[in-house]
Amino acid sequence: MNRTDRLYALVEDLRAIAPRCRSARALAERFEVSVRTIERDITALQESGVPIYAEPGRKGGYAIDKKMSLPPLNFSPAEAVAIAVALSQAGEQPFGRHAQSALRKVVAAMPGPEGELARELARRVQLVRRPGEGAGEVRPLGAEHVSRAIEEALLRRRVLRLDYADAKGALTSRDVEPGVFLGGRGGFWYLVGWCRLRDDVRVFRLDRIAAAAVTAERCPDRPLEGFATDVPEMVAHGTLLD
């Protein structure tokens with residue numbers, strides 16, 4: 001661990017146990033450095049304004065004033081989109097405007113590239129419903145490993161290998177370029193993607209995907225509009241971050 005990472009980890013470690021303290025020796029063992037190195041690191045943090053103070057005595061050590069130090073906003077693109085999806089399904093609710101305002105602040109605080117990645121990912125998560133219809137019942141996604149694989153493939157833009165059962169239960173294996181995570185229709189979630197077996201866009205219901213694995217192959221660039229599905233009398237609502 002380099003010094004910058006160690007300084008950040010020191011602050012987070014002390015914040016996690018605040019208002020209790022941790023001895024220099026315990027910190028040295030935790031980060032596999034000398035006690036003298038920990039003392040120098042603490043001094044550097046104090047000089048930079050981090051509210052760390054020393055507790056004297058046999059059971060003393062270093063503590064941080066948790067009230068005086070807020071953790072940085074460090075949301076990943078996937079976490080930001082997860083918040084947006086949850087808000088989009090909440091419908092009309094008390095403090096709804098404030099929730100959206102808080103989400104905008106989260107995205108604004110993210111570093112430029114991370115914020116752009118979050119916005120791109122958000123465009124690939126959509127809900128469909130009839131005009132004027134609420135969110136309605138949302139069914140389970142299906143097997144947890146399947147939804148996680150789809151999330152990772154969308155985030156990293158990788159090809160998925162699926163084992164998929166059709167309405168009659170017939171199982172086929174196919175490589176799919178994921179396009180859109182679609183939810184809300186009948187309460188089910190779907191993956192819309194380019195199926196290489198059929199050489200066309202196909203819609204896969206998540207609870208019918210028996211297995212999913214992320215491959216190392218990067219997806220070719222396809223316009224997002226090409227994954228639009230024909231859903232009569234339904235309106236697709238993108239997940240908004242701004």
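A: In this predicted model, helix H1, spanning residues 3–17, packs with helix H2, spanning residues 24–31, at an angle of about 125°, and their axes are 12 Å apart. H1 is therefore oblique to H2, because an angle counts as roughly perpendicular from 65 to 115 degrees and as roughly antiparallel over 145. The crossing in which H1 passes H2 is right-handed.

On the H1 side, the residues that meet H2 are Arg6, Ala9, Leu10, Asp13 and Leu14. On the H2 side, Leu27, Arg30 and Phe31 take part. By residue class, the contact of H1 with H2 has five nonpolar and three charged residues, and no polar ones.

The protein has 242 residues, and 39% of them are buried. Of the contacts with a separation of 6 or more, 64% link residues 24 or more positions apart.

The cysteines deserve a short note. Cys195 has 0% relative accessibility and so counts as buried. Cys219 also counts as buried, because its relative accessibility is 7%, and the cut-off for buried is under 20%. A disulfide is a covalent bond between the sulfur atoms of two cysteines. The structure holds zero disulfides.

Notes: Residues are numbered from 1 along each chain as its sequence is written. This is a predicted model: local features need pLDDT of at least 70, side-chain atom pairs count only at pLDDT 80 or more; totals for chains, interfaces and linings use all residues. Side-chain values use heavy atoms; hydrogens and water are left out. A disulfide is a pair of cysteine sulfur atoms within 2.5 Å. Buried means under 20% relative accessible area, exposed over 50%, partly exposed in between (1.4 Å probe, protein chains only). Axes are lines fitted to C-alpha atoms, for helices over the stretch in contact, and angles run from 0 to 180 degrees between N-to-C directions. Helices (H or I, at least four residues) and strands (E, at least two) are DSSP runs, numbered from the N terminus. Angles under 35 degrees count as roughly parallel, over 145 as roughly antiparallel, 65 to 115 as roughly perpendicular and the rest as oblique. A crossing is left-handed if the near helix is turned anticlockwise from the far one by less than a right angle, and right-handed if clockwise. Contact means heavy atoms within 4.5 Å. Ala, Val, Leu, Ile, Met, Phe, Trp, Tyr, Cys and Pro count as nonpolar, Asp, Glu, Lys and Arg as charged, and the others, Gly among them, as polar.
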